[in-house]
Amino acid sequence: MRRALELAENGMGHTSPNPMVGCVIVKKGRIIAEGWHEYYGGLHAERNAFKNCTEDPAGAELYVTLEPCCHYGKTPPCTEAILEHGIKHVYVGCQDPNPKVGGNGIRILREHGVAVTVGLLKQECLQMNEIFFHYIREKTPFTAMKYAMTLDGKIAAFTGDSRWVTGEEARRDVHLLRKKYSGIMAGIGTVLADDPMLNCRIEEGVDPVRIICDSRLRIPMESRLVRTARDIPLIVAGAEELWTDAEHRKAEQLEAAGVRILRTPGRDGVDLSSLMRQLGGEGIDSVLLEGGAQLNASALKAGIVHRVYAYIAPKLIGGMNAKGPVAGEGIARMKDAVLLSDIRIRTLGEDLCLTGRIRTEAAKEESEAV
Ligand code: AOF
Ligand code: ZN
């Protein structure tokens with residue numbers, strides 16, 4: 001199953017909004033086939049493994065990170081392939097939350113006399129597809145807030161200089177996240193300050209859809225984002241109730257430059273909950289929130305954040321006017337803090353990456369329902 005998890009990762013950035021899935025077939029203690037779900041709409045992991053068999057899989061055991069499907073989708077049911085090939089024992093990482101499957105894959109196999117063991121490396125299998133598990137239920141993107149800060153909690157010096165907070169390895173890791181997430185979101189403040197590209201700059205990277213929260217459409221026509229909008233999709237989200245004729249004209253100009261405009265209600269800026277529903281409707285299953293401080297505060301307040309990735313550099317820069325990762329008013333009492341659970345900490349060069357799920361009732365239900 002560990003090998004199957006590794007194989008599944010090969011699909012990262014290519015399977016959305018479907019899951020990453022890996023499969024290994026074992027006969028008499030030897031691996032006779034491996035496969036994974038390579039890209040959206042392509043063969044499922046199990047069928048790729050059958051295609052790669054080096055010998056007859058009859059009587060073999062099959063390990064798969066997600067319950068085999070039993071529905072006719074873009075491909076015929078994997079349960080049929082498993083039965084046709086005479087597999088005798090299937091080890092499943094975790095159940096499929098897709099209502100079309102939802103335990104029926106496992107049931108059908110058992111009804112046909114195949115032994116099925118469920119829950120091998122379950123936590124790892126769930127975690128790998130946390131985006132899929134969230135999106136298929138909620139139809140809104142799974143959202144991760146990412147920031148890099150110094151050890152004294154600053155995302156930039158008091159001058160605004162932020163190049164670079166963390167070292168090369170940590171920055172490379174962020175590009176892996178950009179590959180994994182289908183959207184990347186920032187506020188207009190960040191765009192005006194940094195003129196960023198928000199693309200994925202690693203070998204075999206996949207660029208996320210770029211989403212800018214910009215209630216009054218202040219994004220400059222000559223910004224790098226707008227100039228590249230025809231090559232890498234760019235969505236600008238505005239708060240239409242705040243617009244005058246000038247903003248309506250700017251919306252037309254941006255659209256003519258290849259920018260997609262999404263309109264949300266709200267007189268206090270972009271309504272993030274509405275935006276998330278719209279993005280979900282567009283098939284965007286995940287969003288990496290890359291700030292800055294103001295957007296991070298609004299996102300936490302709106303309750304749209306599910307995970308945090310904090311990259312922490314062993315540097316002290318001080319300055320009471322140097323910003324931290326989350327602005328806004330803040331909470332008054334420690335007991336009201338937003339809490340994280342399932343914490344993981346990695347070292348990247350000299351920096352740390354701490355990640356955890358935002359603790360909410362909904363998150364708890366999500367992890368227990370599967
Ligand atoms: C995948 N790859 O390896 C597995 C999936 O539209 P379809 O026919 O590709 O079916 C997609 C559903 O199939 C998906 O939502 C999930 O429930 C199930 N399993 N999907 O794309 C795979 N095993
Ligand atoms: Zn399948």
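Predicted model: local features only at pLDDT ≥ 70, side-chain atom pairs only at ≥ 80, totals over all residues.
Residues are numbered from 1 along each chain as its sequence is written.

**Exercise 1.** Find how strand β8 is covered and which strands it pairs with.

*Solution.* 
1. Locate β8 at residues 209-213. Strands (E, at least two residues) and helices (H or I, at least four) are DSSP runs, numbered from the N terminus.
2. Check cover. Five of the five residues of β8 are buried, that is, under 20% relative accessible area with a 1.4 Å probe, protein chains only.
3. Sort the sides. V209, I211 and C213 point one way, R210 and I212 the other. In a regular strand the side chains alternate between the two faces of the sheet.
4. Find the partners. Two strands pair if DSSP finds at least two bridges between them. β7 (residues 183-187) runs parallel to β8 over five bridges, with I184 partnered by R210. β9 (residues 234-239) is also parallel, joined to β8 by four bridges; there V236 is the partner of I212.

**Exercise 2.** Describe the lining of the largest cavity.

*Solution.* 
1. Take the volume: about 130 Å³.
2. Go to the centre. Of 16 lining residues, T15, M20, I131, K180 and D285 are the closest to it. Lining residues have an atom within 4 Å of a cavity point, on a 1 Å grid where a 1.4 Å probe fits but cannot get out.
3. Find the main contributor. Helix α6 (residues 130-138) gives the largest share, three residues.

Note on methods
Chains lettered and ligands numbered in written order. Heavy atoms only, no water. 1 Å grid on protein atoms, 1.4 Å probe; cavity = no way out; pocket = protein on both sides within 12 Å on 5 of 7 lines; lining within 4 Å. Points joined across faces, edges and corners; volume = space filled by probe spheres on them. Nonpolar A, V, L, I, M, F, W, Y, C, P; charged D, E, K, R; others polar. Buried < 20%, exposed > 50% of the residue type's maximum accessible area, 1.4 Å probe, protein only.
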